[in-house]
Amino acid sequence: MSALVVLIVVSMIVAGGFLGLFIFSVKKGQYDDDYTPSVRMLFDDGVTNTDKQP
Amino acid sequence: METIKQGSFAKEVLQRPHTEGRRETFYYDNAIVRNFAAATVIWGVVGMLAGLWAALQLVLPESLNIGPWFNFGRLRPLHTNAVIFAFVGNGIFMGYYYSIQRLLKTRMWSDLMGKIHFWGWQAIIVAAAITLPLGFTTSKEYAELEWPIDIAITLIWVVFGWNMFATILKRRERHLYVAIWFYIATFVTVAVLHIVNSLAIPVSFFKSYSAFAGVQDALVQWWYGHNAVAFFLTTPYLGLMYYFLPKAANRPVYSYKLSIIHFWSLIFIYIWAGPHHLLYTALPNWAQSLGIVFSFTLIFPSWGGMINGLLTLRGAWDKVREDVILKFMVVAVTCYGMATFEGPMLSLKNINAISHFTDWTIAHVHVGGLGWNGFLTFGILYWLVPKIFRTELYSKKLANVHFWIGTLGILFYAIPMYIAGFMQASMWKQFTPSGQLKYQFLDTVTFMKPFYATRGLGGALFVAGAIIMMYNLWKTAKQGKLLANEQAEAPALEKYTAHKGEHWHRWVERKPTPMLVATLIVILIGGAVEMIPTFLVKSNVPTIASVKPYTPLELQGRDIYVREGCYTCHSQMIRPFRSETERYGEYSKAGEFVYDFPFQWGSKRTGPDLAREGAGNNRKSNTWHYNHLDDPQAISTGSIMPAYSFLIDARLDTASTPGKIKAMQTLGVPYAKGFELEANKDLMKQANEIASDLKKNNINVPADREVLAVIAYLQRLGTDIGNNKTAQLK
């Protein structure tokens, strides 16, 4: 089943890549603040289009 | 670092980053969003109409199959590709271009790349819409497009990704909001899936043979097929949900932490779940079990995400009652929850034994497709179009009408299909007290018709809703004016300074949840690594001496079978159940498929399994096949198979034979050296034999017609071991 080996290896590379990305992002402080981003995204309209804001 | 209590808005803190650093002015590109939005709506309606047409073909086969271009077998791939890649695809890009600029506080890195992305994607869709009806197909579900288009998809995908990463690099917002992580995962994984599953050997500009055969090909295909659902229909839409649901409700997502956990756990589990499409098939058992475990585990992150979405609206249900956009989104998220509950259940072997190959699967995907993808797209469109056109929605009333008939459409679609699927399975499996199969296959076909008709009604309602939306959005755009470049301001990005003296893993350790996730991942990868050596030792496909390569005529017939999309209605995979071995013959063995480039196991039994059509009790005369292909309803009263009378007129393209044999040799099929030069002689000999046999029954057909190749192929199916019980393994 060479295809199985191919798939497992490819899937592992993808998973491994994401693992690296995860560690990197934690290291870079991406998740230091796990609340503010969820609120900040509510205020991202352009200044010419703010008339719809509450 | 400030700690902010959940639930409090703490506006001063939020605004602080905006007061630090040098403020910069820039413009969001809304034109690209408008383009993708228009494409989403137009292709959505087209793709749904194609689906409606295909659905009604199963009710009125004689009037609605317009062969050869619009027979069911060619129309169904057109429908699936249109709704997945044209409707949902454009929907993804619409929401992505809108949100990523705002989340990163920057314009896209390159306007030109955005344009190339847009027009390139539309060109690919048009190419698909032309080539699929012409019968250019690989027969791999949701990857039917032939190799030149596959290459174009790869190039456009790279343009999309390049522009995305360049935009991320020039961002003014340090933190990548969770939606962006979902987009990144989508980009990376779809690229990998697409490339691996498209590996093929071209024989001509519009014909290629899959690089893998039989079981291996099936495995690659369903690894792809499952992950296409995961990374094209799910992760990008989760990204959209995490952006547009909070925006539409104007409140932060219930738990941002949960959304991060949702993301990381989902992507690590999803990629291993593919084998659940191949339970009870000739795929090795351990691979099936692996697929089941991961599929079942998927329920946890999926439901975490659904609950997170729904709880975002906690305390705002009065708003939901009034706001049609939120209504669409609530139904979408609920459907996501239903589909991701059902999916793991369908992966359990005993449930899969019932559901697989039936209309149950069709119901399942449409709860996801219509409910989750459809309704979320509609909600986003209603929210975003008025915004970029700086106006109000033209008619809230029409949007409400859309909501209700859309919802009715989903119900009228799903409920009959669930019943139909269940009844189908039970009729296939019932025996009389004397041990005979209770129903002929044809009985189950005619039984389905009222359900197919009701499903058609559901589909019609759903499309009608989409057309109303199209009108409503058109009017909205006309009454407003596109704000093509939306001015925005944000401070430049500051350098990130790590907390003094603190190592990241100490940070992780202090936070138990990310720690848990990381551990889980390590365990998963470790487990997989351990398994690999076991499988490297020996090949799992036992060779069966009596399995021989196809003759040239059979090979040509097989390619016509692929071209006509017979696999959209016929499986070629007999599972080891008594109800199947009684009906179709000895169950399928992995070794029987070693020359099948591509595999033709199929996924749906609208018609009977054909794996042993040429063997044992199933074997029919050439005349029967000829008449049946010419006019199925004349032979099988009440059949819903399209007529293939055009195969009688069409001349077989024998010029392609040598090239095909050579390609097969490259793939390792043991034709004798130099056989390609004699292949056509062999082909004509076999065709003449069939033609003269038909002549005995007063059917005069020249030996160079395609129909003879198809008959030769059908008569060959399953004969390698089906006629020769002693050759069977184990």
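The model is predicted. Chain B has 730 residues, and 62% of them are buried. The structure holds 13 cavities of 30 Å³ or more.

**Chain B overall**

- Chain B contains 28 helices and 4 strands.
- Among contacts in chain B with a separation of 6 or more, 82% join residues 24 or more positions apart.

**Helices α2(B) and α15(B)**

- Helix α2 of chain B spans residues 31–57, and helix α15 of chain B spans residues 359–388.
- The two helices pack at an angle of about 145°. Their axes lie 11 Å apart.
- The crossing of α2(B) and α15(B) is left-handed.
- From α2(B), the contact uses V33(B), R34(B), A37(B), T40(B), V41(B) and M48(B).
- Their partners in α15(B) are T377(B), F378(B), L381(B), L384(B) and I388(B).
- By class, this contact between α2(B) and α15(B) has 8 nonpolar, 2 polar and 1 charged residues.
- R34(B) is the charged residue, because Arg counts as charged. T40(B) and T377(B) are the polar ones.

**Second largest cavity**

- The second largest cavity has a volume of about 200 Å³.
- In total, 15 residues line the second largest cavity.
- Closest to its centre are Y550(B), E592(B), D596(B), L717(B) and G718(B).
- The lining of the second largest cavity divides into 6 nonpolar, 3 polar and 6 charged residues.
- E592(B) and D596(B) belong to the charged group, because Glu and Asp count as charged.

Notes:
Residues numbered from 1 in each chain as written. Chains lettered and ligands numbered in written order. Predicted model: local features only at pLDDT ≥ 70, side-chain atom pairs only at ≥ 80, totals over all residues. Heavy atoms only, no water. 1 Å grid on protein atoms, 1.4 Å probe; cavity = no way out; pocket = protein on both sides within 12 Å on 5 of 7 lines; lining within 4 Å. Points joined across faces, edges and corners; volume = space filled by probe spheres on them. Axes fitted to C-alpha atoms, helices over the stretch in contact; angles between N-to-C directions. Left-handed = near helix turned anticlockwise from the far one by under 90°. Contact = heavy atoms within 4.5 Å. Buried < 20%, exposed > 50% of the residue type's maximum accessible area, 1.4 Å probe, protein only.
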